[in-house]
Amino acid sequence: MARIGVFVCHCGENIARTVDCAAVAGSVADHPSVVCSVDYKYMCSDPGQNLVKDAITEHGLDGVVVAACSPHMHLKTFRRAASNAGLNAYLVEMANIREQCAWIHPRTPETTVKATDLVRAMVEKVKQNVPLEPIRIPVTPTALVIGGGIAGIQAALDIAEAGRDVIIVEKEPSLGGHMSQLSETFPTLDCSQCILTPRMVDAYQHPRIKLYTYSEVEKLEGYIGNFEVTIRKKGRSVDIDTCTGCGACMEVCPSKKALDEFDMGLRTRTAVYTPFPQAVPNKPVIDREHCLHYKAEARAIARGKPVKAVCQKCAKACAADAISFDGGDELIKEKVGAVVVATGFQLYSVAKDQPEPYLEGYGEYGYGADPDIVDGLQFERLASASGPTGGKILCPSNGQAPKTIVFIQCTGSRDPAKGIEYCSGVCCMYTAKHAMLYQHSVHGGRAVVFYMDIRATGKGYDAFTRRAAEESGAEYVRGRVSAIYRADGKLVVKGVDTLGGEPMTVQADMVVLATAIRPQPGIKELAQKLSISYDQHGFLNEAHPKLRPVETNTAGIFLAGCSQAPRDIPDSVAMASATAAKVLALFSRSEMEREPQVAKVDQATCSGCFHCERACAYGAVEHLEVKDRRGNVLRVVAQINPGVCQGCGTCAANCPSKSIELDGFTDAQVFASIQALSL
Amino acid sequence: MRFGYYPGCSLHATAREFSESLLTLVKALDVQLDEVEDWACCGASSAHATNHLLGVALPARTLAIAEGQGLDNIVAPCAACYGRLAGAAHEIEGDAALKGQVAEILKRPLGTPPEIINVVGFLQSLLPEIQPRVVKPLDGLKVACYYGCLLLRPHKVTRFDDREQPESMEQVCAAVGATPVAWNKRIECCGAGFSLSRTGSVIRMGREILDDARAAGAEAVVVGCPMCHSNLDMRQPAMNRGQAGAGALPVLYITELVGLAMGLDPKAMGLQRHYVSTQPLLDRLSTAVAVAEGEVS
Amino acid sequence: MFEPRIVAFVCNWCTYTGADLAGTSRLPMATNVRIVRLPCTGRIDPLFIVKAFERGADGVIVSGCHPGDCHYSEGNYHARRRFRLFKELMDFTGIDSDRVTFSWVSASQGQKWADVVNGTTERIRALGPFEGYPGSEEVA
Amino acid sequence: MNALRDLARQLLEAGEVKVVIGYEDSRRGVRPAFVSDPADVDRLIFDARCVHNLATYLNPRRGHVKRLGRAAVVVKGCDARAVAGLLREQQIAREDFVLIGVRCGGVFDTPDATGPLDAASIAPRCHGCTVREPSLPEHVVGDLPPEPPVGRDLDAEVARLMAMPAAERLAFWNRELAKCVRCYACRQVCPLCVCERCIVDKTQPRWIEPSAHTRGNLAWHLTRAQHLAGRCSGCSECERACPEGIPIHLLNHFLAGVVRDAFDHVVGDDPDAPAPVGAFRKDDAEEFIV
């Protein structure tokens with residue numbers, strides 16, 4: 001016979017105001033399995049918890065029902081208390097008589113009846129509970145950081161500095177990400193390269209950081225603490241160990257027409273190239289799309305002809321003999337315990353062709369086809385000392401300094417008609433920065449900024465935008481731009497000044513569009529590989545918008561920077577450090593404990609139809625061969641890997657013979673609840 | 001080929017040449033237009049400015065009649081008519097309650113409205129018929145294709161062409177041998193219905209359009225809307241007044257242009273009705289043709 | 001007035017949390033609904049509903065995360081297929097499928113939960129006791 | 001028929017199989033035959049009375065058949081769907097048995113039928129048959145008989161029931177299901193009821209009441225139908241086996257329609273085709289969910 005204790009909480013007046021707690025305790029006391037039933041003002045307080053603990057000892061309880069608030073609030077509290085008193089934590093359940101009873105009903109007899117029903121149902125459930133032990137899982141204390149921009153670098157350095165191993169996978173040939181393209185940074189106007197390069201070098205040289213550049217994540221298997229990642233190391237054609245970085249290959253390369261990605265297409269580069277002078281590792285890579293040899297090879301293969309060596313001047317010029325045209329992609333497997341996703345962003349483009357059906361370009365801006373209409377990152381390159389103009393702000397069309405420049409904020413952002421309704425967060429700030437950089441570069445020039453609102457909420461941000469408007473002399477016009485076209489050699493910008501209530505036209509030499517921040521291309525495919533979710537735009541979903549902002553719903557995978565939402569540098573770095581803290585907490589023990597809410601298969605009755613396997617989103621179902629003594633396979637049945645199982649119970653419901661039980665929500669427990677509640 | 005046809009009021013009055021050129025053209029193309037019986041005014045632009053329900057019910061009546069007549073589509077050459085008919089169809093399709101209300105007022109059942117086709121889309125679809133019949137290619141006549149507002153807007157109603165960078169008129173003009181120029185005021189408003197109430201504004205707006213067309217080297221402006229035509233044609237002397245170097249710029253309906261390329265009689269198409277004389281243009285074209293033929297022979 | 005007995009099978013992450021939010025927001029609700037908390041709608045076997053009716057419930061609510069929001073990414077999609085079959089089968093056998101409300105209520109939709117609870121209660125109240133459930137007379 | 005017997009003899013003599021499972025005549029019509037001796041192959045027949053779905057003998061639950069050794073099973077095109085189902089669910093391995101396909105011109109409702117195969121006597125499952133020539137078996141024998149007559153259409157039966165007021169439909173099923181004596185012949189004959197232990201035999205907890213009353217009967221038949229949704233091969237052997245004549249196959253047939261309309265899936269004889277069980281589409285219709 002079960003010996004169950006019931007503890008009804010008043011929650012001060014929160015429950016007692018509408019529920020007659022004493023009556024609830026009294027009526028449940030009659031239940032044949034209940035050996036003690038009490039009510040108390042604050043069950044979660046120390047004296048309240050002691051009441052539970054004492055009753056466990058005194059009555060030898062084998063089950064506890066606490067009727068109080070939501071189990072989301074205090075189930076852990078009471079399970080811990082019971083555990084301290086020697087009762088298995090999983091023999092404790094809560095009846096939610098606050099949020100789902102007292103707070104939504106008036107003080108009527110029905111409310112008390114409902115509370116009693118909920119408690120009785122929980123008593124019936126607890127009778128079916130069995131002791132469970134937390135699942136212990138070994139942890140591989142190595143972190144995988146996807147993305148080598150500022151967020152990825154920060155997370156990697158924080159983790160490595162704490163003495164744990166880190167693997168960085170960066171898609172591009174160099175670390176650095178978009179931050180390395182910026183000229184100066186707001187709100188201090190310090191040089192981006194100057195603050196970033198040392199961190200890149202630190203990461204590169206750190207003994208605990210292993211760096212895979214020009215590589216992507218191919219596959220992630222396993223579960224928290226025990227992932228196995230497959231990394232696709234793209235064929236670089238340059239052996240970075242023997243390469244001295246002398247640059248002789250680039251001097252001889254005849255293919256010079258590839259648009260330079262780092263300079264946002266504002267100049268061209270050779271097919272063998274180092275993305276930028278401070279690249280880490282500072283070793284070139286051969287871009288196979290533009291290399292004459294690889295182009296010839298692709299053509300030969302397509303026509304079914306033999307492959308012959310073409311050009312290969314770089315290899316001949318290489319004194320270190322580091323260039324080879326033989327190698328292809330390489331797949332590398334690594335074991336990791338946690339993953340930080342820091343894949344960053346791309347800019348929305350105003351062009352006609354859009355990557356998503358819901359996005360639309362800006363036909364009214366001529367789809368941005370005019371060379372003197374640039375986006376924010378292009379302007380960064382024009383303003384950067386290492387950029388194509390050596391830091392002089394010049395019109396791409398004619399190399400002249402723009403006497404009048406127009407900045408248009410919220411291009412794409414906050415514009416549902418174009419498909420993006422969110423605020424990109426950083427454009428108000430960088431446009432202010434751009435306006436200042438322009439005024440420093442082109443003396444006496446006119447800068448006009450079209451804005452919708454100025455959102456400058458960070459530390460020192462508002463003062464910064466004010467400086468742009470009030471000291472640098474940028475004309476801030478609150479309004480939108482309806483058309484840009486070229487007439488008489490000028491870019492005619494037609495807009496409206498909504499504060500002045502007048503349409504206005506600016507004859508400009510250059511227009512800078514603060515285009516929206518979007519997640520990296522391929523983010524959805526990556527998310528699917530990692531089994532994490534993303535929103536309609538492809539930004540990765542955090543587990544909770546406020547309380548778990550850097551975690552995902554997949555245990556052991558964390559988010560930093562623009563992969564989750566538009567972020568500026570300080571926010572990205574803060575997020576990165578937060579993920580590092582989460583990773584380090586996970587790595588602080590050699591084993592981690594997990595709630596034992598997992599599915600189990602009754603192998604005696606399993607018929608091996610594997611409907612469970614088809615329904616499992618986590619791949620937790622394995623095949624187990626049942627053998628006789630001579631080793632002959634009799635049957636193949638399902639088996640669930642408790643480390644992978646997340647405890648949803650979809651397999652249990654899909655099992656036709658009900659041979660799968662979900663601990664914590666077993667058939668017996670659910671059945672008992674239904675029986676008690678339906679009558 | 002057969003199409004449903006809604007002439008609308010303008011084509012019987014100020015835009016007679018639009019009607020004449022269209023009908024001459026379809027005759028030459030062997031295309032039959034079935035006029036909607038007992039059609040009424042589309043309501044533009046006073047009805048929808050006065051009473052929303054009236055603004056929908058007026059064109060909806062025409063749609064219902066056409067549907068009853070078994071017409072799958074209606075060619076509405078006037079851009080304003082096109083806008084009102086397509087707008088009404090869009091509104092009643094998206095709002096069952098409104099549809100019921102309108103059906104109640106009209107005392108007619110409303111099913112699926114016919115497809116509404118504007119004059120540019122109509123000609124585009126007929127290009128395979130038109131091109132073999134082009135006997136007087138326009139010798140690269142530089143034309144400024146002027147869309148105005150109503151062919152394209154609101155885009156969710158018209159779903160026609162690119163709303164900001166359209167190409168359809170250029171396509172049609174190029175197909176008959178004209179050279180569309182690249183210019184900037186293609187989709188600007190001409191002032192439309194303010195022609196009488198705020199003439200000054202209309203003159204200013206029209207002047208900007210014509211100036212831009214001239215700057216781009218256009219020899220003629222091509223339109224698909226009676227309102228645009230009357231503003232740019234009838235008021236052109238006022239627009240050109242005091243403008244140094246502002247020569248008269250003929251404003252042609254796109255149907256007229258296509259008809260000229262097909263060698264149709266300018267008079268039958270009403271080209272003599274224009275305020276800005278089309279004669280210099282016709283002379284230039286016939287010289288060009290004569291030269292071309294001379295070379296051949 | 002007839003007070004129906006309604007059992008709700010809800011997922012822990014969206015609807016249960018939404019129901020808690022309804023409580024925190026003090027949204028008034030009928031007292032007729034009793035919640036059975038499950039990890040996911042994917043855990044719900046139609047037999048749960050059958051059992052509730054057999055046992056005397058007059059109505060049932062099934063509710064979980066909206067498609068795409070499932071805490072376990074796919075559980076609700078599997079559930080949706082199961083519910084489709086069960087619902088159609090109820091109709092085919094003549095068991096009033098109006099006795100069951102299938103809904104998606106997210107953790108932020110406290111008001112929607114209150115509407116589902118009150119709406120279902122009103123509907124079931126109007127339908128009266130579920131005497132039509134086969135063999136329900138055999139319970140007592 | 002000679003081709004069938006020759007093939008059976010060949011397979012037995014070569015030792016390729018230990019038993020051929022086919023049909024034979026008896027005093028009470030056609031019945032399944034188990035032929036292990038090549039001398040006995042002349043017992044084997046195939047005609048329109050061969051209604052049985054012999055795929056059920058491949059169901060791994062039938063240990064006694066398994067013990068006879070490697071088998072060759074005679075299957076009609078429709079029966080092959082059940083074999084495909086067993087393969088799809090990894091209940092059997094293709095190399096463990098041989099299939100002898102027979103070309104079919106439709107079968108009677110019962111194995112002891114006499115008289116001509118006509119609209120009245122043909123089994124409803126033959127309606128709109130597209131698998132008269134089986135594709136799964138490695139051997140296919142016999143000539144293709146003439147096109148079968150058009151008979152009863154179960155879709156029409158479903159439509160007739162759905163046209164009734166719900167209360168009348170409930171009364172119909174109440175009346176029918178009240179007859180169920182819970183003999184489980186429907187389950188035993190089903191080639192696709194593969195569970196080691198049927199849910200109805202699970203006692204802790206007891207989801208489906210075992211005694212033969214309306215309540216438990218309904219739970220049983222609802223569950224059986226759902227467990228077969230998207231899997232049922234449509235052979236209607238369950239209904240033929242029912243001693244009470246309950247139209248239980250209608251439930252399966254109805255759900256097959258739901259699976260077709262809602263999940264865009266029709267059960268076929270390709271073992272590698274994906275099944276709608278344990279699957280979903282993100283855009284599955286959900287108009288019934290608020």
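Trainee: Is Tyr422(A) buried or exposed?
Mentor: Tyr422(A) is buried, at a relative accessible area of 13%; buried means under 20%, exposed over 50% and partly exposed in between, with a 1.4 Å probe and protein chains only. Keep in mind that this is a predicted model, where local features need pLDDT of at least 70, side-chain atom pairs count only at pLDDT 80 or more, and totals for chains, interfaces and linings use all residues. Residues are numbered from 1 along each chain as written, chains are lettered from A and ligands numbered from 1 in the order written, and side-chain values use heavy atoms, without hydrogens and water.

Trainee: Got it. How many aromatic pairs are there over all chains?
Mentor: The search of the whole structure gives 28. Rings of Phe, Tyr and Trp (its six-membered ring) pair if their centres lie within 6.5 Å; planes under 30 degrees apart are stacked, over 60 edge-to-face, and the rest tilted. Tyr422(A) and Phe539(A) make an edge-to-face pair, with 5.3 Å between centres and 75° between planes.

Trainee: And how buried is Phe539(A)?
Mentor: Phe539(A) counts as buried, with 3% relative accessibility.

Trainee: What about the rings of Tyr146(B) and Trp183(B)?
Mentor: Their centres are 6.1 Å apart and the planes sit at 45°, so that pair is tilted. Tyr146(B) and Trp183(B) are both buried.

Trainee: Which residues do ring pairs link into a cluster?
Mentor: That cluster holds Phe671(A), Phe9(C), Phe48(C) and Trp207(D).

Trainee: New topic: how much of chain C is buried?
Mentor: Of its 140 residues, 72% count as buried.
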